[in-house]
Amino acid sequence: MSHVLLIGFMGCGKSTVGRLLALRLGRTFVDLDDRVCALAGTTVERIFAEHGEATFRRLEANALESLLREPPSVVACGGGVVVSEGNRTLLPQLGTVFYLRVDAAEALRRIGDTSSRPLLAGPGAASAARALLAERESVYAAVARVSIDTQGQSVQQVTEKIITALEKVDAEC
Ligand code: S3P
C-alpha cells in the first residue's frame with residue numbers, strides 16, 4: 001500500500017497542496033473530510049453539532065481504513081486524524097506520511113472564516129488554535145516520515161519539496 005498522506009493542522013494547506021501533488025504524480029486525490037461527509041450524507045459542521053466529535057472521529061477512522069482497499073492516491077487527512085491511536089498506527093501502514101508544518105497565526109490567516117471548522121468556531125479561535133496545535137505538534141511529527149515547513153511557502157514550493165522528499169524515500173526503499 002503506498003498512498004501519499006498529508007497530515008497537519010487545519011489551514012496548513014493539505015487539500016490545496018494535495019490536489020496539485022496528485023496532478024503532478026498522476027494519482028487520484030482523496031479528501032478525507034469529503035469521504036466522511038459522503039459516508040454521513042451531511043457536512044462536518046452538522047456531524048459535530050448533531051452527533052458530537054466522537055461520531056465524527058469514528059467516521060473518520062472508517063474513511064481512513066477504506067484506503068486499505070484502494071490504489072495508491074494522494075490523501076489530505078483532516079487535522080485531527082492523529083487524535084485516534086488506531087489512526088496513528090494505520091497512517092504509516094497506508095503509505096508515506098508528510099507533516100505540513102504551519103504556526104497557529106498563519107493557519108488562521110489561511111483559513112479566514114473559521115465557521116466551517118467546529119473546533120475553531122466562535123470568538124476564541126486564536127487561543128483555541130494555539131492550544132490545539134501545541135497539543136498536536138509533536139504527534140504530527142512522530143507519525144510523519146517527513147516534516148515539511150510550509151510557513152511563507154507557496155503551494156508550488158511545498159509540492160516540489162514533497163516530490164523531492166518522495167523521490168528520496170522511494171530510493172531508500
Ligand atoms: C479537524 C480538522 C478539519 C475537520 C474537522 C476536525 C481537526 O479538517 O476534519 O473540522 O480536529 O483538526 P481540516 O484540517 O481539513 O480543516
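Here is a short chat about the ligand site and a few residues of this predicted model.

Visitor: What should I know about the model before we start?
Guide: Residues are numbered from 1 along each chain as its sequence is written, and side-chain values use heavy atoms, with hydrogens and water left out. It's a predicted model, where local features need pLDDT of at least 70 and side-chain atom pairs count only at pLDDT 80 or more, while totals for chains, interfaces and linings use all residues.

Visitor: How far is a ligand oxygen from an N or O atom in the side chain of R136?
Guide: A polar contact is a pair of N or O atoms within 3.5 Å; within protein, one must be able to donate a hydrogen and the other to accept it, and residues adjacent in sequence count only if both atoms are side-chain atoms. The D33 side chain has an N or O atom 2.7 Å from an oxygen of the ligand, and a polar backbone atom of G80 is 3.2 Å from a ligand oxygen. For the side chain of R136, the distance is 2.7 Å.

Visitor: How much of the ligand's accessible area does the protein cover?
Guide: Accessible areas come from the Shrake-Rupley method with a 1.4 Å probe, and for residues only the protein chains shown count as cover. On its own the ligand has 390 Å² of accessible area, and the protein covers 95%.

Visitor: Is S66 buried or exposed?
Guide: S66 sits in helix α4, residues 53-66 (a DSSP run of H or I, at least four residues; strands are E runs of at least two, and both are numbered from the N terminus). Its side chain reaches the backbone oxygen of A63 at 2.5 Å. Buried means under 20% relative accessible area, exposed over 50%, partly exposed in between (1.4 Å probe, protein chains only). S66 has 15% relative accessibility, so it counts as buried.

Visitor: Where is G13, and is it buried or exposed?
Guide: G13 is in the loop between β1 (3-7) and α1 (14-25). Because its relative accessibility is 19%, G13 is buried.
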